[in-house]
Amino acid sequence: MSGVVITETVRRHFTSVGFLSFLALLAIVSVGFAQFDRPAAGWPSLIVLLAIVTGAGPIGPELSSGTLQLILVKPLSRSAYLLSRVAGVVLAVWTAAAVAAACELLGRKLETAPEIGAALLNSMIEVVLIVSLLTFLGSVTRAYYNVAIYFGAQIVLALLAGFGRKLPPLVARAVTAVDHNLFPETPPRLDPDWLLLVACNAAVALVLACLAFRRREVPYGAE
Amino acid sequence: MTIQVRGLRKAFKAHEVLRGVELDIAPGEVVGLIGPNGAGKTTLMSCLLGFLHPDGGSITIDGRATDDLDVRRRTGFVPERMNFGRSETGRAFLRYMARLAGVPRAEVDARANAMLERLGIAAAADKRLSQYSRGMLQRIGMCQALIHQPDFIFLDEPTSGLDPNGVLLVRDLIAEQKARGAAVLLNSHQLAEVEKVCDRVLFLGGGVISHRETLRHADRVVVAVTLLDGSFDAERVARIAGAAPRENVVIATVEHESDIARLVKELVEGGAGVIDVRRHTADLESIFRGAA
């Protein structure tokens, strides 16, 4: 991994007006969510949204804009670059999640700390999976097709799940398994099995992303 | 040889773009790559930079593969169109590129400032890239390619979008890199520019290097001396210059640039009226027309 790429990725997020505005909004909303009975009722969804928006950036869009070609002539392996970009994005989103959790915790006068801590950990692991999946999709597509495929897959899986009873049992089970692995529902408390599943799936997505990106051709000048 | 290409083949589906390209570039040599649109110049450049995987043949840079990290550490590349995070400032972009290229952290700022100054964009260093004109983007593209003093330089239309001052600046920079011992491959449609800076020109056509032309010899200088009509004795001129005049122009070869003055002096003392003296290079326009 490259410290230069990680630092630069984090720096760019924290010098982006959009990211900082989102962070401010997140802090305000999180304090507001402290009035709800259930801890961590709202901000984890916003963190998912932030992970999708920021996780869409690496590889695919960079290839289409021509940025990637400038990077790939530098002394940095493709896998190192990809993993460093993911690490940078994840760190930026993790910071946002920590800010949201801290704001809610302050709003609740430090009560329900275990629940908010669990929600933060779940959220952080989920962010890794989302960013890894989007990066994998970005490593095999151009521009922001990764986001389109990500949402498309969610919609298709939801539709197929809706036809659950009409599908052959094997297909229905496969659809459920894919959905469960790619878009796992976050549990309300700490669940080590869930954490392990999500972490493993993220690792698989990153390995596939590295393999795809290593073999990928990145032509320039003929977008 | 520093950059060596043997039997390079590359096809996109059924369309074979490169059909056995052979290419050598030595240290301190500037080689121009010309050819019509669609000839495969960008494809060749992409293969050399490791962006595309060749279907056959081999590319070695200093005896190593194109994706060798040490080769990359010593490679500079200027794309035809500079694209990068447009919200970044020129200085931030350059610092990032320098760090990625392996420039020590302590030297980054000094080198970035020197390059920005050299390329005449120091005043715009803290502006966002989105505010840069095409020519300024091209200049910062040169900055990022040369900031780590690479040994292998790939330039794709580096003067496109540049004003005449910028063109002269790029010409000087290429000469400096050559003097430093870097191997430079210049892909350009601007034949006059290629003629001015390149030692050799390769014409890419039909998927192969169909024509090679040496514009400058390392060990001698070729000059074209235009003589005043009727002022000279052809035999005498031939004795002095070592070549007979054709249509009042004598193409002479001397060992050093300093010998040009001596040649002119001898011609004038021999009674010939000298109208014009210039370096003689191949007529690329004719070659281009003929080969295309």
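I started at Val201(B), whose bridge partner in β9(B) is Glu213(B). Strands here are DSSP E runs of at least two residues, helices H or I runs of at least four, numbered from the N terminus.

Before going on, I noted that this is a predicted model, where local features need pLDDT of at least 70, side-chain atom pairs count only at pLDDT 80 or more, and totals for chains, interfaces and linings use all residues. Residues are numbered from 1 along each chain as its sequence is written, with chains lettered from A and ligands numbered from 1 in the order in which they are written.

Next, the sheet. I found β8 (residues 200–205) of chain B and β9(B) pairing antiparallel over six bridges; a pair needs at least two DSSP bridges. The open sheet has six strands, ordered β5-β6-β7-β3-β8-β9 in chain B, with mixed pairing. Its edges are β5 (75–78) and β9 (208–214) of chain B, each pairing on one side only.

Then I looked up Leu186(B). Beyond its neighbours within four places in sequence, its contacts (C-beta atoms, placed from the backbone, within 7 Å) include Val30(B), Leu155(B) and Cys198(B).

Last, chain A. I saw helix α8 (residues 145–162) pack against helix α9 (residues 169–182) at about 145 degrees, axes 10 Å apart. Axes are lines fitted to C-alpha atoms, for helices over the stretch in contact, and angles run from 0 to 180 degrees between N-to-C directions. Among the residues that meet there are Leu157(A) and Leu160(A) from α8(A), and Val175(A) and Leu182(A) from α9(A).

Conventions: Contact = placed C-beta atoms within 7 Å.
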